[in-house]
Protein chains: 2
Amino acid sequence: MELKRAAEGEKGFEKVFAFLRERLLAGSLKPGDRLISERELATQLGVSRPIVREALRALTVLGIVEIRDRIGTVVTRPDVSVLNDFFTFALAQQADMLDDVMQARVAIECQAIRLACERANITDFERLQRALAKIGETIDEADAGGMADFDFHRAIVVASHSETLTVLHSSMAGLLTHSHRSRRELVQAFPSMKTYLIDDHRRIFEAVIARDPERADATLREHFAIGDEYRRRALVGDMDKTSASR
Amino acid sequence: MELKRAAEGEKGFEKVFAFLRERLLAGSLKPGDRLISERELATQLGVSRPIVREALRALTVLGIVEIRDRIGTVVTRPDVSVLNDFFTFALAQQADMLDDVMQARVAIECQAIRLACERANITDFERLQRALAKIGETIDEADAGGMADFDFHRAIVVASHSETLTVLHSSMAGLLTHSHRSRRELVQAFPSMKTYLIDDHRRIFEAVIARDPERADATLREHFAIGDEYRRRALVGDMDKTSASR
DNA sequence: TTATCATACTGGTCTGACCAAGATCAGACC
DNA sequence: GGTCTGATCTTGGTCAGACCAGTATGATAA
């Protein structure tokens with residue numbers, strides 16, 4: 001049996017993990033399915049229950065499985081939180097990764113906006129419009145403004161109708177929420193940012209409405225670049241009130 | 001004790017996990033550090049050793065920690081394999097995610113090539129050139145050709161000097177290796193693909209050498225689009241020998 | 001001083017047990 | 001007959017102690 005074979009070489013934890021992985025990858029274990037009990041799994045694989053628990057716990061943190069107290073273990077649909085956890089840990093140990101993550105976010109979002117131009121429906125447009133309006137309303141508030149900014153960008157990714165892009169984006173956006181907020185705090189220092197924030201987002205919105213991927217992508221990239229420019233100026237203490245070059 | 005406090009609310013596994021997470025995120029546990037022994041951890045937290053092992057195993061699959069047999073548990077630098085595992089599982093249960101992952105890969109790679117135009121050094125150029133040469137040499141071999149193709153694209157991402165992009169790309173590229181290979185199998189059906197494969201990669205290479213982000217991005221996107229077109233034709237059985245429209 | 005070896009440690013695993021609470025089904029009650 | 005109740009089985013959650021097999025270290029012998 002190919003299933004048995006895979007579980008023969010390894011021992012202990014690896015054995016159980018490989019056994020379950022195989023079934024999960026092969027599709028014989030689908031989301032919603034309930035696994036056999038830990039004890040039964042242990043006897044079937046010839047290992048002890050603690051070992052089985054290790055494997056189940058491993059699958060749990062990977063978001064593949066959910067252990068329900070006194071109910072059983074069920075297969076779940078993989079979700080975002082895993083990536084979130086990973087990035088959180090990874091970032092904590094490599095602070096310089098933040099700029100890197102930002103690059104990845106730009107990558108995801110620019111691709112997403114291209115897809116959004118093709119796939120977005122009325123609902124998506126409306127969500128974008130609401131987010132856009134919110135940005136205008138909350139332009140003077142750091143917290144609410146940052147949230148509105150975040151929502152707009154998330155709406156773009158959602159409009160791409162790509163699960164993977166959405167997952168990746170949200171896992172990274174979580175780490176960058178403070179960046180949205182801190183950007184808004186710059187508004188006090190740079191009054192020109194108000195028009196930048198409002199106009200840029202509007203132009204992005206319009207490009208999506210026009211279903212013009214190239215223009216949308218370019219506008220979005222420009223938007224990020226200008227944001228970087230503002231942050232750079234703030235860092236070097238260049239507090240003059242002229243707007244960033246466009 | 002603030003350390004104790006964080007571990008008070010939860011019980012068992014959560015307790016240990018939270019305890020370790022706190023130290024990991026706070027930075028008091030850095031990559032390279034060796035954790036105290038499982039037994040000691042168990043007594044300090046008032047739990048049994050199997051529970052400690054669950055937590056350590058959880059951190060292991062998250063790539064945060066490495067358990068070395070008879071040596072101890074050490075903190076590691078998070079690496080790719082986690083995302084790889086996750087995507088592998090996720091993909092298995094949502095096959096329609098494959099196209100989605102491809103989109104994410106395009107996103108990463110297009111961003112990477114832009115960065116590569118700015119950051120690539122001589123070493124990167126040389127690696128790209130070698131990969132390009134390899135593509136020409138192995139143009140008639142499905143396996144080696146697919147590998148060469150893969151290497152070229154990976155070289156682009158490496159040249160971006162962005163850890164995060166590299167991590168994301170390699171985790172997704174792993175799932176798409178067969179796509180490289182299957183593309184090469186199309187070469188038999190579409191002789192025009194030979195020039196497509198060679199010329200496209202050369203043009204991409206030249207754009208990076210020229211340090212022209214816009215052109216590089218556009219060329220790369222075009223490259224992907226044409227690849228899609230070939231695959232589409234193969235699906236519908238359109239086996240005519242004309243080259244894909246450019 | 002050096003080389004060898006005993007010992008204390010480490011992770012890896014097993015056994016068997018207890019607890020608390022959901023799931024189930026038999027039996028009692030209406 | 002139908003519904004309700006409660007004993008029992010099963011499930012995850014956990015613990016305690018034990019054994020194995022190598023590693024690391026230090027003490028002892030050369």
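How do the residues of the surface near DNA strand D divide into nonpolar, polar and charged? There are five nonpolar, six polar and 11 charged residues on that surface. Keep in mind as you look around that this is a predicted model.

**Around the DNA**

Let's begin with the neighbours of DNA strand D. It is surrounded by 22 residues, and the closest are A:Glu38, A:Arg39, A:Arg49, A:Arg53 and B:Ser48. On the DNA side, 61% of the atoms within 4 Å of the protein belong to sugar or phosphate, while the rest belong to bases.

| Protein residue | Protein atom | Atom of DNA strand D | Distance |
|---|---|---|---|
| A:Arg39 | polar side-chain atom | base nitrogen | 2.7 Å |
| A:Arg49 | polar side-chain atom | base oxygen | 2.6 Å |
| A:Arg70 | polar backbone atom | sugar or linking oxygen | 3.2 Å |

**A glutamine in chain B**

Now turn to B:Gln103, which you can find in helix H6 (residues 97–119) of chain B. Is this residue buried or exposed? B:Gln103 counts as buried because its relative accessibility is 14%, and the cut-off for buried is under 20%. Leaving aside residues up to four places away in sequence, B:Gln103 touches A:Gln111, A:Leu115, A:Arg119 and A:Leu165.

Technical notes:
Residues are numbered from 1 along each chain as its sequence is written. Chains are lettered from A and ligands numbered from 1 in the order in which they are written. This is a predicted model: local features need pLDDT of at least 70, side-chain atom pairs count only at pLDDT 80 or more; totals for chains, interfaces and linings use all residues. Side-chain values use heavy atoms; hydrogens and water are left out. Helices (H or I, at least four residues) and strands (E, at least two) are DSSP runs, numbered from the N terminus. Buried means under 20% relative accessible area, exposed over 50%, partly exposed in between (1.4 Å probe, protein chains only). Contact means heavy atoms within 4.5 Å. A residue is near a molecule or strand if one of its heavy atoms lies within 4 Å of it. A polar contact is a pair of N or O atoms within 3.5 Å; within protein, one must be able to donate a hydrogen and the other to accept it, and residues adjacent in sequence count only if both atoms are side-chain atoms. Ala, Val, Leu, Ile, Met, Phe, Trp, Tyr, Cys and Pro count as nonpolar, Asp, Glu, Lys and Arg as charged, and the others, Gly among them, as polar.
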